[in-house]
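Here's a quick tour of a few spots worth a look on screen.

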Amino acid sequence: MAHLRPLTTTSSSSGATPEEGSPHPLRSVHLIGRTAPSNLCLQDPKVSSAHARLRWTGAGWELRDLGSTNGTFVDGKLLKTGDARLVSAGARLSFGSAGQVWVLADAGPPAPFAVPVTGGPAVEGAGELLALPSAEAPELSVWSDALGRWMVEREGELLPAGDMQELQAGGQAWRLHLPQPVEGTLNADAGPVERVALRLHFGVSSDEEHVELRAEQGGRSWDLKARAHHYLLLTLARAWARDAEDGDQPPGERGWVYQDELGKRLRMDDNGIYLAVFRARKQLTEAGVPGANDIIERRVGTRQLRIGASAVSIRSL
């Protein structure tokens, strides 16, 4: 995900060596200045209160000087007061003076992240999926659905999530920082979003201990190999396939399963189901499958879930 890193200099017997410090994740619109509400506060008297702004345009990061007194520098060159320019990965940025340099170490699009309210390092998401307090031990997940709406899911309960919202996880409070729509793009109020069909192909061993999965969408294919969490997807895919074969239900009503019933089938408690769902979303996100978070769909307030696919096939290995 996109972030800045402060550039520091360390001395050794071989001379001075520049090193990048801890990452500072970027919001969709990131203000730099000396005072609040700056997202990057720099305690330097040469930095103006509202000094500069980094903004994700959908194609890259735009740096604009906000009329600062002492100027903004890109790779040592002064950016004219009020001017803006696109900056790419590796660009060295300075604000007010060349005394402190920040490197745009990652120029990718902004991703969700959360910061402890009491202070501490941020937890960063991948793509449009964030787990708290960590991806290794998730208690809740925050993700964006096909309509671009941010949702928070905890133990099967699904609620809307908002930028700067506070959440409790891991025994502490976290403040969410969620990417916002790029100006000029469609949002949920503009009408339904047409989704490209996702097809899931399962391969299952005779003892059902081994479940392989391949996903297809828009002419692309992803081999997701065999994973333990694929058995949960397989179970939901079977429910969807049974309803599709019966033909008595419209597509929007096919495959819904109550979480308590699913838990009995899989011999899992709510935490086990939640972890398997998170791992499935995470794997598809990392593989680059569009709309990966919708691999599992939920009905708000019902504890019902289903597979998020337009077609499934199941074969014996």
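Let's start with two helices: His-230, Leu-232 and Leu-233 in α1 meet Ile-273, Ala-276, Val-277, Ala-280 and Gln-283 in α3. Sort the residues of this contact by type and you get 6 nonpolar, 2 polar and no charged. Keep in mind that this is a predicted model.

How do the two helices sit against each other? The axes of α1 (residues 230-246) and α3 (residues 270-287) come within 9 Å and cross at roughly 95°. Angles from 65 to 115 degrees count as roughly perpendicular, so that is what α1 is to α3.

Now for the rings. The model has 1 aromatic pair by the rule used here. It's Trp-56 with Trp-61, and because their planes are at 55°, with the centres 5.5 Å apart, the pair is tilted. Both Trp-56 and Trp-61 are buried. Another tryptophan, Trp-143, has Arg-281 lying over its face.

Here are the two ring arrangements, with their distances:

| Partners | Distance |
|---|---|
| Trp-56 and Trp-61 | 5.5 Å between ring centres |

Last stop is Leu-317, in the segment after β27 (311-316). Is Leu-317 buried or partly exposed? With a relative accessible area of 46%, Leu-317 is partly exposed. Setting aside neighbours within four places in sequence, Leu-317 is in contact with Gly-203, Val-204, Ser-205, His-210 and Glu-212.

Definitions and conventions:
Residues are numbered from 1 along each chain as its sequence is written. This is a predicted model: local features need pLDDT of at least 70, side-chain atom pairs count only at pLDDT 80 or more; totals for chains, interfaces and linings use all residues. Side-chain values use heavy atoms; hydrogens and water are left out. Rings of Phe, Tyr and Trp (its six-membered ring) pair if their centres lie within 6.5 Å; planes under 30 degrees apart count as stacked, over 60 as edge-to-face and the rest as tilted. Buried means under 20% relative accessible area, exposed over 50%, partly exposed in between (1.4 Å probe, protein chains only). A charge sits over a ring if NZ of Lys or CZ of Arg is within 6 Å of the ring centre and within 35 degrees of the ring normal. Axes are lines fitted to C-alpha atoms, for helices over the stretch in contact, and angles run from 0 to 180 degrees between N-to-C directions. Helices (H or I, at least four residues) and strands (E, at least two) are DSSP runs, numbered from the N terminus. Angles under 35 degrees count as roughly parallel, over 145 as roughly antiparallel, 65 to 115 as roughly perpendicular and the rest as oblique. Contact means heavy atoms within 4.5 Å. Ala, Val, Leu, Ile, Met, Phe, Trp, Tyr, Cys and Pro count as nonpolar, Asp, Glu, Lys and Arg as charged, and the others, Gly among them, as polar.
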